[in-house]
Amino acid sequence: MTLKQLSQVKRWMVMHSGRHPVELAVWNLVLTIWMLGFMGVPGVLLTQAWIALPLCLLAWLLPMVYTGGRRRLHDAGRLRCDWLTAL
């Protein structure tokens, strides 16, 4: 995902937070974990804690995995996801 797409989803979540408060909370959690993964790489490299490097990679990929999973569930008709129009 690009930074613009992340921003568009966040903007949609904030605009519709009254109707979808849980969605906003989950998206904030996804973005927080993404940022921790992104910022954790320099710390891992400086401290040579190599075991944490895969965790940082997984955290860095989390927004793409989350939106892809939500899209698959929406397409299958198992979960309604209104914010996919923001992508």
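**Charged pairs and a nonpolar patch**

R80 is exposed, with a relative accessible area of 60%; exposed means over 50%, buried under 20%, and partly exposed in between (1.4 Å probe, protein chains only). The model is a predicted one, in which local features need pLDDT of at least 70 and side-chain atom pairs pLDDT 80 or more, while totals for chains, interfaces and linings use all residues. Residues are numbered from 1 along each chain as its sequence is written, and side-chain values use heavy atoms, without hydrogens and water.

R80 forms a salt bridge with D82, their closest N and O atoms lying 2.9 Å apart. The term denotes a side-chain nitrogen of Lys or Arg within 4 Å of a carboxyl oxygen of Asp or Glu. D82 is partly exposed, at 24% relative accessible area. By this rule there are two salt bridges.

The other pair joins E23 and R70, with 2.7 Å between the closest N and O atoms. E23 belongs to helix α2 (residues 21-47) and R70 to helix α3 (residues 53-76), so the pair ties together parts that are 47 residues apart in sequence. Helices are DSSP runs (H or I, at least four residues), numbered from the N terminus. E23 is buried at 16% relative accessibility, and R70 is buried at 9%.

On the surface, M35, F38, M39, L57 and W60 form a nonpolar patch with about 510 Å² of accessible area together. Such a patch consists of nonpolar side chains (Val, Leu, Ile, Met, Phe, Trp, Tyr) joined within 5 Å, from residues with over 30% relative accessible area and no salt bridge; areas come from the Shrake-Rupley method with a 1.4 Å probe, and for residues only the protein chains shown count as cover. Helix α2 contributes the largest share, three residues. F38 lies in helix α2 and is partly exposed, at 44% relative accessibility.

How values were computed
Helix = DSSP H or I, 4+ residues; strand = E, 2+ residues; numbered from the N terminus. Patch = residues over 30% accessible without salt bridge, like charges linked within 9 Å, V, L, I, M, F, W, Y side chains within 5 Å.
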